[in-house]
Amino acid sequence: MNLFLRYAQKCAKPREDAMPDKNFVESLRKGLEVLTCFDRRHTRLTLTEVSRRIDVTPASARRSLATLVELGYLGSDGKLYWMLPKALLVAYSYLSSRPMPALAQPMLDALSEKTRESASLGTLLDEDAIIIGRSTARRSLSAGLGIGSRLPVYCSAIGRVLLAGLPAPEAKARLLAVERARLTSQTVVDQDALMGILEACRATGWSYSDGELELAVRSMAVPVRDPQGQTIAAMSIAVRAERLGMGEFRDAFLQPLLRARNELEKKLHPAAA
């Protein structure tokens, strides 16, 4: 299975040990999970499929679906349900109200145009990294990776940079908690080996993934930091493996990636520049 499709728009489940306070609206949670259970591989879903994907009863799923259809977020023919354009308002509210995606987009576009490769910006979300900015080059990579796509932290370049930005005990705890599937023959899943990769990232200021998500793809990423030096995001660039070896990839694109990152940090924190 294509990893980018597997992780795109993955539904986040609440922690079982979490105790919502009295203000927590369970029906709202279910409705939001319904909205996020559609993806490239699941464009039209039945009631049964929705209830299974968000792990609720069919009766509960039916109420959420009926509400979202009435509000215009979903369409339905009585059997199947699908997303309508109004759902884009949710993503637009985030992208337009937060400074980082808007400020990063010109840098990602310039980096992609200069290198003719795809560039992304991501942050942590649960056990994954989520893409909040993306510029696709003429030499496109795997279909399905875009804004809102999720990548596993343990074997993606963006994820490793984000983990490396955490205190070592917290990074280790996250690695222990996540299911580390061997997605390709080159995927590193050993806990000690991964902690070594994170330590190397802290020392060098960048990390990589070489055929671990897909055998045909190499990627590297660098941290985006706040004025206190805390990692708040990661910027990456990816290339087809047949085009460049890992050493050639690093030599050709690490410096342009760092320059794009530096420019973004200046835009985000002008007073610290």
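## Overall picture

The protein exposes about 14,000 Å², and carbon and sulfur atoms supply 54% of that; accessible areas here come from the Shrake-Rupley method with a 1.4 Å probe, and for residues only the protein chains shown count as cover. This is a predicted model, in which local features need pLDDT of at least 70, side-chain atom pairs count only at pLDDT 80 or more, and totals for chains, interfaces and linings use all residues. Residues are numbered from 1 along each chain as its sequence is written, and side-chain values use heavy atoms, with hydrogens and water left out.

Of the 273 residues in the protein, 48% are buried (buried means under 20% relative accessible area, exposed over 50%, partly exposed in between, with a 1.4 Å probe and protein chains only). The fold has 10 helices and nine strands, taken as DSSP runs (H or I, at least four residues, for helices; E, at least two, for strands) and numbered from the N terminus. Among contacts between residues at least 6 apart in sequence, 61% join residues at least 24 apart, where contact means heavy atoms within 4.5 Å.

## Salt bridges

The structure holds 12 salt bridges, each one a side-chain nitrogen of Lys or Arg within 4 Å of a carboxyl oxygen of Asp or Glu. One of them pairs E212 with R160 at 2.5 Å, N to O. E212 sits in the loop between β7 (207-210) and β8 (217-225) and R160 in helix α7 (residues 157-164), so this pair ties together parts that are 52 residues apart in sequence. Both E212 and R160 are buried.

Other bridges stay within a helix. In α8 (residues 168-177), R174 and E170 lie four residues apart, about one turn, and their side chains meet at 3.6 Å, N to O. R174 is partly exposed at 30% relative accessible area, and E170 is partly exposed too, at 35%. In α9 (residues 191-204), E199 and R202 are three residues apart, again about one turn of the helix, with an N to O distance of 3.2 Å. E199 counts as partly exposed at 47%, as does R202 at 28%. There's also a network: salt bridges that share partners join E26, R29 and E33.

## Helix packing around α4

Helix α3 (residues 47-54) and helix α4 (residues 58-71) have axes that come within 9 Å and cross at roughly 105°. Those axes are lines fitted to C-alpha atoms, for helices over the stretch in contact, and angles run from 0 to 180 degrees between N-to-C directions. α3 and α4 are therefore roughly perpendicular (65 to 115 degrees; under 35 is roughly parallel, over 145 roughly antiparallel, and the rest oblique). L47, V50 and S51 in α3 meet P58, A61, R62 and L65 in α4.

α2 also packs on α4: their axes come within 9 Å and cross at roughly 75°, so this pair is roughly perpendicular as well. S27, K30, G31, V34 and L35 of α2 make the contact with S60, S64, L65 and L68 of α4.

## A nonpolar patch

V25, L28 and L32 make a nonpolar surface patch of about 270 Å². Patches are made of residues with over 30% relative accessible area and no salt bridge, with like charges joined within 9 Å and nonpolar side chains (Val, Leu, Ile, Met, Phe, Trp, Tyr) within 5 Å. V25 is in the loop between α1 (3-7) and α2 (26-35), and is partly exposed, with a relative accessible area of 44%.
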